[in-house]
Amino acid sequence: MRFALSNDLTELTTERLVLRTWTAEAVAAVLADAGNDAEAGSASASGRRPADWAADFPSGGDRVIAGLLDGNPDWLGAYGHRLIVERDSGLVVGSTGLFWPPNEGALELGYGVVASRQGRGYATEATRALAAFALTAPGVRTVLAGVELSNPASVRVLEKAGFERYETTRGEDGGELARYRMTATPEHRQQ
């Protein structure tokens with residue numbers, strides 16, 4: 001996967017997306033929006049909804065990530081979580097992220113795209129690029145992700161992004177959880 005990386009590592013650009021690091025301001029805006037129904041015109045930290053959000057951003061998952069980042073500000077940065085920005089419109093349409101630092105050479109990855117932009121391959125494109133970027137980081141050999149098998153769209157995202165399934169377990173709710181991984185290759189180190 002080829003991607004362009006800004007000099008300060010805050011933007012990772014793919015064919016159709018820009019993966020931009022979360023900022024404290026973005027976290028505050030999403031948290032301020034948490035009580036709203038994510039319709040255009042709802043309030044943010046400044047009293048106005050950011051103009052660069054898709055109408056259905058943030059989703060519930062984005063709010064969870066914002067809450068985690070608010071409680072762990074050291075997670076903000078190049079190897080943390082990123083907003084998914086649609087290049088054509090400039091709108092934030094989801095988020096993806098790495099749970100840094102690596103544990104025994106492995107990082108966990110997560111992703112989500114708002115409903116209005118699903119089915120366009122954005123989650124796959126963002127996942128592939130962020131995983132490839134992560135595998136260029138010192139000490140990272142593997143990127144991991146988990147998905148409930150009852151969510152076939154998310155399974156397809158990981159498979160199309162180049163992850164391989166290595167384990168299936170039964171979750172606490174009785175459903176099956178599949179674990180996927182992508183391992184560093186010489187191609188990743190050359191990015």
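**A note on the predicted model**

1. Buried means under 20% relative accessible area, exposed means over 50%, and partly exposed lies in between (1.4 Å probe, protein chains only). Please keep in mind that this is a predicted model, where local features need pLDDT of at least 70, side-chain atom pairs count only at pLDDT 80 or more, and totals for chains, interfaces and linings use all residues. Residues are numbered from 1 along each chain as its sequence is written, and side-chain values use heavy atoms, with hydrogens and water left out.

2. Where does leucine 98 sit? Leucine 98 belongs to strand β5. Helices (H or I, at least four residues) and strands (E, at least two) are DSSP runs, numbered from the N terminus. Leaving aside residues up to four places away in sequence, leucine 98 touches Tyr79, Gly80, His81, Leu107, Glu108, Leu109, Leu130 and Ala134. Contact here means heavy atoms within 4.5 Å. Leucine 130 is 32 residues from leucine 98 along the chain, and their C-alpha atoms are separated by 8.1 Å.

3. Now for the whole protein. There are 5 helices and 9 strands, and from the N terminus on the elements run β-β-β-α-α-β-β-β-α-β-α-β-β-α. Of the 191 residues, 42% are buried. Take the contacts between residues at least 6 apart in sequence: 58% of them join residues at least 24 apart.

4. Next, have a look at the largest nonpolar core, which has 50 residues; Trp22, Phe57 and Phe163 touch the most other members. A nonpolar core is a set of buried Ala, Val, Leu, Ile, Met, Phe, Trp, Tyr and Cys residues joined through side-chain atoms within 4.5 Å. Helix α3 (residues 122–134) gives the largest share of this core, 9 residues.

5. Two packed helices are described by the angle between their axes and the distance between the axes. The axes of helix α1 (residues 24–33) and helix α2 (residues 60–71) come within 9 Å and cross at roughly 125°, which makes α1 oblique to α2. Axes are lines fitted to C-alpha atoms, for helices over the stretch in contact, and angles run from 0 to 180 degrees between N-to-C directions. Angles under 35 degrees count as roughly parallel, over 145 as roughly antiparallel, 65 to 115 as roughly perpendicular and the rest as oblique. From α1, the contact uses Val27, Val30, Leu31 and Asp33; from α2, it uses Asp62, Arg63, Ala66, Gly67, Leu69 and Asp70. Sorted by class, the contact of α1 with α2 has 5 nonpolar, 1 polar and 4 charged residues. Ala, Val, Leu, Ile, Met, Phe, Trp, Tyr, Cys and Pro count as nonpolar, Asp, Glu, Lys and Arg as charged, and the others, Gly among them, as polar.

6. A second pair is α3 with helix α4 (residues 152–160): they pack at an angle of about 45°, with their axes 8 Å apart. These two helices are therefore oblique to each other. Ala123, Thr124, Thr127 and Arg128 in α3 meet Val157, Leu158 and Lys160 in α4, a contact that divides into 3 nonpolar, 2 polar and 2 charged residues. Is threonine 124 buried or exposed? Threonine 124 is buried, with a relative accessible area of 9%.

7. Finally, some backbone details. Most residues other than glycine have a negative phi, and most peptide bonds are trans. The peptide bond from phenylalanine 57 to proline 58 is cis, with omega near 0°, and proline 58 lies in the loop between α1 and α2. Another cis bond joins tryptophan 100 and proline 101, with omega about 5°; proline 101 is in strand β5 (residues 92–103). Leucine 9, although not a glycine, has a positive phi of about 70°, and this residue is partly exposed, at 27% relative accessible area. Glutamate 104 also has a positive phi, near 55°; this residue is exposed, with a relative accessible area of 73%.
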